[in-house]
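Here is a friendly briefing to read alongside the structure. Keep the 3D view open and look up each residue as you meet it.

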Amino acid sequence: MPPVTLVLGGARSGKSTHAEKLATGTLFGGLPRQAVYIATAQAGDVEMATRIMAHRARRGGGWTTIEEPLKLAVAIQGAAAPRQPILVDCLTLWLSNLMHAGADLDEAADELVRSLEGLASPVLFVSNEVGLGIVPETPLGRAFRDAQGRLNMRMAERADRVILMTAGLPLTLKDRPAPRG
Amino acid sequence: MPPVTLVLGGARSGKSTHAEKLATGTLFGGLPRQAVYIATAQAGDVEMATRIMAHRARRGGGWTTIEEPLKLAVAIQGAAAPRQPILVDCLTLWLSNLMHAGADLDEAADELVRSLEGLASPVLFVSNEVGLGIVPETPLGRAFRDAQGRLNMRMAERADRVILMTAGLPLTLKDRPAPRG
Amino acid sequence: MPPVTLVLGGARSGKSTHAEKLATGTLFGGLPRQAVYIATAQAGDVEMATRIMAHRARRGGGWTTIEEPLKLAVAIQGAAAPRQPILVDCLTLWLSNLMHAGADLDEAADELVRSLEGLASPVLFVSNEVGLGIVPETPLGRAFRDAQGRLNMRMAERADRVILMTAGLPLTLKDRPAPRG
């Protein structure tokens, strides 16, 4: 598995399911390996709580789950262990939490990117593509769309592998060859 | 032609035109073959009536047209005939009609998938990608986006070939080799 | 460089940056070549003025900038010179300006396509994909989405090369081989 993977896609495009299979090594069947799940979601309302429960039921056992809405860099570094993949689901909710908390988004992205340096675990990030509709009507909608686009570009540049999901089907947008040695 | 083809894309991406050319075998010129067109649109308002007429004018002759807003599985099975392709345009309006009618969406999708088993005709479905903008403001908007995403994943899993259209250009996301025989 | 390139993508997908690198030949480093930048943006409000300034600062020297919100065909023909690429950024704002001015959109697109015939300069167009969200709530939103989709299809058909940007990563959707000669 490459050190850093980014799985992009729209809503209900199969991002989380694909990333989970990549993390546990079950894309082509076989026994799942242990992995860490860092959930950025907060069960603030019924709609979100229902989604979180559905995600959890689908994942099943073999996962250590950590809930961290804001301090992602700290959570990733705390969870790192050799050959144990970390799945962060998802950067979109993290971004939304950061904006809600009035955090400095560039600083948070810097910190996230720094946390990946020399990490023992491979990390997989799930993130939404949100910029392919018409211009949002509200300033907040436009600000969120722009921030998400900037964050996705930043993470895609850092990632070794970037996958775009459409209707459950993966399309590889970037695949950096593993270093020899 | 593979048994089941799914043509995905955004609004005005050239989905219908491409699917029509695939159905009639005119993608690279040549004489069109007979095909069946199952329209799920209902001319409920002026905007939609205008679109339906424009689609019809573009298709021209050589098509048998069936209008079926809801009972798609029945319409497909009724229209099946050896070597006569069926084009369903589109699953997005079908889904919208089902939601408006208060139908059970999972049951309808099950029935649709079952109707394709052992069918004499190759079938082509046109469907919209709607999940790549920011989160819709209304609960209905979010429910529709989620239902469309789930339906697209379901049909993409069942399809032998999946094509994503962008600005009239096709990108093949899945192409299952034809069984030898 | 092919005669006509179209760079598509959502908001904050890295379209402009990629097109600028293609125009100046700096995609893989090296010294930038001279190029013409045709800006269709109008600094009508603070949000837009800020964006224009950020774009300008990023581009740096080596560019001749022309501002033309409406008469794109005239601007392109006026700027053409052998081996000097022209970058038009972007067709989405041009379309928005045309709609605001009540112009005939098909006629404007015809004129634009005609302006490319036998041009001395290679031209690169940047344009937004806006049709992958749910149906816009307002008639103006739907009209814009449809007009943008039609324009993108038209330009993609005319272009020799079409690139779709996602999170700063290019995906080639069309690449017509250069004529031998």
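Across all chains, the structure holds 12 salt bridges. Keep in mind that this is a predicted model.

**Salt bridges**

- In chain A, Asp110(A) and Arg154(A) form a salt bridge, and their closest N and O atoms are 2.7 Å apart.
- This pair ties together distant parts of the chain, since Asp110(A) belongs to helix H5 (residues 105–115) of chain A and Arg154(A) to helix H6 (residues 139–158) of chain A, 44 residues apart.
- Asp146(C) has another salt-bridge partner in Arg145(C), with the closest N and O atoms 3.6 Å apart.
- Arg145(C) counts as buried, with 7% relative accessibility.
- Elsewhere, a network of salt bridges links Arg12(A), Arg145(B) and Asp146(B).

**Two helix pairs in chain B**

- Helix H1 (residues 15–24) of chain B packs with helix H2 (residues 46–59) of chain B at an angle of about 30°, and their axes are 11 Å apart.
- An angle under 35 degrees counts as roughly parallel, so H1(B) and H2(B) are roughly parallel to each other.
- The crossing of H1(B) past H2(B) is right-handed.
- Which residues make this contact? Ser16(B), Thr17(B) and Glu20(B) take part from H1(B), and His55(B), Arg58(B) and Arg59(B) from H2(B).
- Sorted by class, the residues where H1(B) meets H2(B) include no nonpolar ones, 3 polar and 3 charged.
- In the other pair, the axes of helix H4 (residues 91–100) of chain B and helix H5 (residues 105–115) of chain B come within 10 Å and cross at roughly 140°.
- That angle makes H4(B) oblique to H5(B).
- H4(B), too, passes H5(B) in a right-handed crossing.
- From H4(B), the contact uses Leu91(B), Trp94(B), Leu95(B), Leu98(B) and Met99(B), and from H5(B) it uses Leu105(B), Ala108(B), Ala109(B) and Leu112(B).
- What classes of residue does the contact of H4(B) with H5(B) have? It has 9 nonpolar residues, no polar and no charged ones.

**An enclosed helix in chain A**

- In helix H1 (residues 15–24) of chain A, 8 of the 10 residues are buried, so this helix is largely enclosed by the rest of the structure.
- The buried residues of H1(A) are Lys15(A), Ser16(A), His18(A), Ala19(A), Glu20(A), Leu22(A), Ala23(A) and Thr24(A).
- After H1(A) comes Gly25(A), with a positive phi near 70°.

- Asn128(B) is part of strand S5 (residues 123–128) of chain B.
- Its relative accessible area of 13% means that Asn128(B) is buried.
- Leaving aside neighbours within four places in sequence, Asn128(B) is in contact with several residues, among them Gly9(B), Lys15(B), Cys90(B), Thr92(B) and Asn152(B).
- Where is Leu91(C)? Leu91(C) lies in helix H4 (residues 91–100) of chain C.
- Leu91(C) is buried, with a relative accessible area of 0%.
- Leu91(C) and Asn128(C) are 37 residues apart in sequence, and their C-alpha atoms are 7.6 Å apart in space.
- Beyond its neighbours within four places in sequence, Leu91(C) has contacts including Leu6(C), Leu72(C), Phe125(C), Leu151(C) and Met155(C).

Conventions. Residues are numbered from 1 along each chain as its sequence is written. Chains are lettered from A and ligands numbered from 1 in the order in which they are written. This is a predicted model: local features need pLDDT of at least 70, side-chain atom pairs count only at pLDDT 80 or more; totals for chains, interfaces and linings use all residues. Side-chain values use heavy atoms; hydrogens and water are left out. Axes are lines fitted to C-alpha atoms, for helices over the stretch in contact, and angles run from 0 to 180 degrees between N-to-C directions. Helices (H or I, at least four residues) and strands (E, at least two) are DSSP runs, numbered from the N terminus. Angles under 35 degrees count as roughly parallel, over 145 as roughly antiparallel, 65 to 115 as roughly perpendicular and the rest as oblique. A crossing is left-handed if the near helix is turned anticlockwise from the far one by less than a right angle, and right-handed if clockwise. Contact means heavy atoms within 4.5 Å. Ala, Val, Leu, Ile, Met, Phe, Trp, Tyr, Cys and Pro count as nonpolar, Asp, Glu, Lys and Arg as charged, and the others, Gly among them, as polar. A salt bridge is a side-chain nitrogen of Lys or Arg within 4 Å of a carboxyl oxygen of Asp or Glu. Buried means under 20% relative accessible area, exposed over 50%, partly exposed in between (1.4 Å probe, protein chains only).
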